[in-house]
Amino acid sequence: MSATAAEVLTRSERPSRRRLHPSAAIGGTIVAAIVLLALVALFWTPYHATIPSDQVLAPMSGHHPFGTDEYGRDVLSRLMAGAKLTLYAGAISVLIAVAGGVPVGLAAAAARGSIVDDLLMRAVDLIYAFPALLAAIVLAAAVGASTTTAMLAIGIASIPVFARVTRAASLQVLGSEYVLAARAYRRSTLAILWRHVLPNIRALLIVQASLLYAIAILAEAGLSYLGLGTPPPAPTWGAMVQDAQQYLGRDPLLVFWPGIFIALAVLGFNLLGDGLRDLLDPRLREQR
Amino acid sequence: MTPRYFLRRLVTLVATLFAATLVVFSLLSVLPGSPAQVILGTQATPASVKALTQQLGLDHPLWRQYVHWLHGLLTLRLGHSYISQLPIGSQIGRSLAVTGPLIGFGLLVGIVIAVPFGVAAALFRRNAAGAAITSLSQVGIAVPNFIVGLLLILVFAVRLGWLDASGFTPWSQSVWAAFKSLVLPAIALGLVEGALLSRYVRSAVLDVLRSDYLRTARAKGLSRRQALVRHGFRNGAIPVVTVLGLEIPSLIIGAVVIENVFTLPGVGTLLLQAVSNRDLLVVQDVVMLVAVVVLVVNFLVDASYRLLDPRLR
C-alpha cells in the first residue's frame, strides 16, 4: 500500500517552530471562537433560526447584522445554530473514525506480516474505495439522507486514515528496544500496546484528529450543500449556501457568509493540527 | 517491479473489487419497499406491482439478482433504468464525456498551480514570499470548492459576463463551446486541489534539498541547478506521484459537487438524480464505477511508485 497523505506529511513536513507556534495560536483562537459561538447558540440566538418572518432578504443592519435570507430568517442566528450542527457532526465523525481506525491499526501492527494484518489492511483498502461522498450517497439512497447518514459516511470513510497512521506509527514503536525489553519480561501483546504503543502514538493521533476534524467539516458542508446531510430547515452552513445560490446576483453576501464560516472553521482546525504536531511531538522537535 | 509482486497486487485488486460489489449490492438491497411499487406509484394495483416485479426479475432470490447484476457489470451490459427506462450504459457514457474532461482539466489546473508555487514555497521558505505562499495554500485548502465555484460565477458570469454560469454544450455540437462550459468548473476544481498539492510539492522539494545525496552531488562539483535536475526531480517525484494518486478520489468527489454548482450533466448529476428518484440500479452502477476507478488508480500509483523508486523493487 502506498503511503497515506498523513504519513507523507508527518515524515517530511517539518516546518520551523518559528512558524508553527503562531499557527497553533491562530488556529486555537479561531476554533475557540467557533466553539463559543456554538455554545451560545445552545441557549440563545438573536432570532429563531428556522421560523420565517416578513423581512425577506433584508440587507445588513443593526437589527440583522448579516441580513436575512429568502424566508426572512436572521442570517447571524442561522450561522450560530449552524456552528452547533457543524461541530457536533464533525465530532461524531472523528469519533467514528478513531474508534474504527485505531484498533484496526493496532491489531494490524501487532500481527505484522501475518494473514490478520493482510486481511485488516485489505479491508481498509476496500473502505478507501468509497470516499465520504460516495458512502453518503449510498446511505442516502438506502435509508434517506440525515445527519446520521452524513456522520456515518464521513466517519467510516475516514477509518482508513486512522488505521494506516496508527499501523505505521505502532510498527515503529513495536520495533523499539524498550518494547523488546518488555517482551523479555513476558508482557502480553495487549499490555505492550496499551502501555507502550498507545502513549507513544497519542500525540500523532491527536494531531490527526484535529486535521480530520477540518476535513469532516468540509465534507459535511459539501454533503449538506448537495442535500445529502441534515434535511431542511436545519441551518447547516452547506444548505445555507445551496439556498442562497439562486440569489447570487442579487445578494452575494448571503452565499458568502456561510462560505466564510466554513472556511474559517476548516482553517482553524487545520492550523491547530499543524501547530499541535509541533507542540506535542517531541521527536519532531529534536530533529530540528 | 517484480512480476510476482505485480501478480499479488493484481489478485488483491480483483478481490477488493469483488468485495466492493458485495458491499454496494447488499447495502442497496436491504431496502424496505419494492422498486416496482416506487415505479408504479401508490395508485397501482397489487397485481400490476407483482407483474412488474416479475418482469424486473426482483422476485428472484437475492443471490440470483446479485449474480445477474455482476454478470451485467462484467459484460458491460448494464440494462435499463427501472425509473427512466433509459439504457444505463449510454447514460453513464454521456455523463463521462463531461466528468472525464472536467477531472482532467481540473487536475491540470491543480498541477499548474501546485508545482511552481510548491517549489517556490520550498526555495524561499526563509523569507516572506515563502511564508505568504504557505499561508495562501492553507486558506486555499480551507475554502470549499463550491464556494470557489460560486465566486467564479459571480465574477466571470454575473458581473463580467464572459462565460456562462451553468449548462453544458455537448462535444458533438461544438467542441469549443463544450470546452468553454468546462473552463470555470475546471478552475474551481483545480484551485482547491492545487492548494493541497502545493503543500506536498513543497515538502517533497524540502526533503530533496536536505538530502545527503544532493549534498554529495554538490560536493562532486555539480551546480545547484544540475544537482537538482539530475538527482532531485526523480526523488522528489515519488511522494508527489503518490499524492497525485491519492487525490484522484477527492477530484472525483469534487467534480460531483462542482457539477452541481454549474449544473453540468456529468456523473455526479446522474448519481444525485438517481438517488432522489430512488433509481437504485443506476446508483449501484455509478457507485461501482467510481469505486473501480479509485481502486485501479490506487493500483497504478502503487505500480508507478515502484518503477520510480528502485529501492522498492
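Okay, some bookkeeping. Residues are numbered from 1 along each chain as its sequence is written, and chains are lettered from A, with ligands numbered from 1, in the order in which they are written. As the model is predicted, local features need pLDDT of at least 70 and side-chain atom pairs count only at pLDDT 80 or more, while totals for chains, interfaces and linings use all residues.

Let's do chain A. Its secondary structure comes to 12 helices and zero strands. Chain A has 288 residues, and 53% of them are buried. Buried here says that 20 or more other C-beta atoms lie within 10 Å of the residue's own; 12 or fewer is exposed, in between is partly exposed, and the C-beta atoms are placed from the backbone.

Now contacts: two residues are in contact if their C-beta atoms, again placed from the backbone, lie within 7 Å. Take the contacts in chain A with a separation of 6 or more: 72% of those are between residues 24 or more positions apart.

On to chain B. That one also shows 12 helices and zero strands. Its C-alpha atoms fill a box of roughly 85 × 60 × 35 Å along the principal axes. There are 313 residues in chain B, with 38% counted as buried. For contacts at least 6 apart in sequence, 70% join residues at least 24 apart.

So how do the chains meet? On the chain A side, 39 residues are in contact with 51 residues of chain B. Helix 11 of chain A gives the most to that side, with nine residues. By type, the chain A side splits into 28 nonpolar, seven polar and four charged residues. For the record, nonpolar is Ala, Val, Leu, Ile, Met, Phe, Trp, Tyr, Cys and Pro, charged is Asp, Glu, Lys and Arg, and the others, Gly among them, are polar.

If you zoom in on Ala136(A), leaving out residues up to four places away in sequence, it touches Thr149(A), Ala150(A), Ala153(A), Leu223(A) and Leu228(A).

Technical notes: Helix = DSSP H or I, 4+ residues; strand = E, 2+ residues; numbered from the N terminus.
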